[in-house]
Amino acid sequence: MGYCSGRCTLVAVCGAQLVSVLERQIFDFLGYQWAPILANFIHIIIVILGLFGTIQYRPRYITGYAVWLVLWITWNVFVICFYLEAGDLSKLVGFIYACYVVKCITEEEDSFDFIGGFDSYGYQGPQKTSHLQLQPMYM
């Protein structure tokens, strides 16, 4: 029977993570968001350092990899719960975004009347006249 030590198991876990994050990186390149691409790139670097630390018996690299792995898993669980709308995460973020939008709308001083331009008198509709008479149209 075969025997796999902790070191062998960690190398297998690092290899599986590299394969999965490279697949994820390919799909992120198809999108337009750069933050996930950069995060995946950092994750690839740290997994490679963890793999190097495992093979070369470097405890600092393995410890750094373990800390990063906990942060990475925590972040991914948060993102999954956010997209699945588990708990009150979407309500909290929606409320914060709504406050930001209201703040942006109330601070806006420049207003443009799309019908009358920058006219300070505003748009005045046509007066009531005969329904057969043509009204001029201003553009």
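Mentor: The model is predicted.

Trainee: How many helices and how many strands does the secondary structure come to?

Mentor: The protein chain has four helices and zero strands. A helix here is a DSSP run of at least four residues.

Trainee: What share of the residues counts as buried?

Mentor: Of the 139 residues of the protein chain, 15% are buried. The accessible surface comes to about 12,000 Å², and carbon and sulfur atoms hold 69% of it.

Trainee: Why is Cys 14 called buried?

Mentor: Buried means under 20% relative accessible area. Cys 14 has 0% relative accessibility, so Cys 14 counts as buried.

Trainee: And what makes Cys 8 partly exposed?

Mentor: Partly exposed is the range between the buried limit of 20% and the exposed limit of 50%. Cys 8 stands at 39%, so Cys 8 counts as partly exposed.

Trainee: How many disulfides does the rule give?

Mentor: The count is zero disulfides. A pair would need its cysteine sulfur atoms within 2.5 Å.

Trainee: Which residues make up the largest nonpolar core?

Mentor: There are nine: Cys 14, Leu 18, Val 21, Ile 44, Ile 46, Val 47, Leu 51, Tyr 65 and Leu 69. Helices α1 (6-30), α2 (35-56) and α3 (59-83) each give two or more residues to this core. The largest share, four residues, comes from α2.

Trainee: What makes such a set a core?

Mentor: The residues must be buried, be of the listed kinds and be joined through side-chain atoms within 4.5 Å. In soluble globular proteins, nonpolar side chains tend to be buried together.

Trainee: What does Val 21 touch, not counting residues up to four places away in sequence?

Mentor: Val 21 touches Asn 40, His 43 and Ile 44.

Trainee: Gln 17 is found in helix α1. Why does Gln 17 count as buried?

Mentor: The relative accessibility of Gln 17 is 15%, so Gln 17 counts as buried; the limit is 20%. Apart from neighbours within four places in sequence, Gln 17 is in contact with His 43, Val 47, Tyr 65 and Leu 69.

Trainee: How do you know that the span of α2 agrees with its number of residues?

Mentor: The expected span is 1.5 Å times one less than the number of residues. For the 22 residues of α2 that should give 32 Å, and the end C-alpha atoms are 31 Å apart, so the two agree.

Trainee: Which residues of α2 are buried, and what do they pack against?

Mentor: The buried residues of α2 are Ile 37, Asn 40, His 43, Ile 44, Ile 46, Val 47, Gly 50, Leu 51, Gly 53 and Thr 54. They pack against α1 and α3.

Trainee: Why is Gly 53 on that list?

Mentor: Gly 53 has 0% relative accessibility, so Gly 53 counts as buried. Leaving aside neighbours within four places in sequence, Gly 53 is in contact with Arg 58, Tyr 61 and Ile 62.

Trainee: What is the phi of Tyr 57, and where does Tyr 57 lie?

Mentor: Tyr 57 has a positive phi of about 60 degrees although it is not a glycine. Tyr 57 lies in the loop between α2 and α3.

Trainee: Why is Tyr 57 called exposed?

Mentor: Exposed means over 50% relative accessible area. Tyr 57 has 59%, so Tyr 57 counts as exposed.

Trainee: What makes the aromatic pair of Phe 52 and Tyr 61 tilted?

Mentor: Planes under 30 degrees apart count as stacked, over 60 as edge-to-face and the rest as tilted. The planes of Phe 52 and Tyr 61 are 50 degrees apart, and the centres are 5.8 Å apart. The count for the model is three aromatic pairs. Phe 52 is partly exposed at 37%, and Tyr 61 is partly exposed at 35%.

Trainee: Trp 72 is in helix α3. Why is Trp 72 called buried?

Mentor: Its relative accessible area is 10%, so Trp 72 is buried. Beyond neighbours within four places in sequence, Trp 72 is in contact with Arg 24, Ala 39, Asn 40 and His 43. Trp 72 and Ala 39 are 33 residues apart in sequence and 9.5 Å apart in space, C-alpha to C-alpha.

How values were computed:
Residues numbered from 1 in each chain as written. Predicted model: local features only at pLDDT ≥ 70, side-chain atom pairs only at ≥ 80, totals over all residues. Heavy atoms only, no water. Buried < 20%, exposed > 50% of the residue type's maximum accessible area, 1.4 Å probe, protein only. Contact = heavy atoms within 4.5 Å. Areas by Shrake-Rupley, 256 points an atom, 1.4 Å probe, with all protein chains shown as cover. Phe/Tyr/Trp six-rings, centres within 6.5 Å; stacked < 30°, edge-to-face > 60°.
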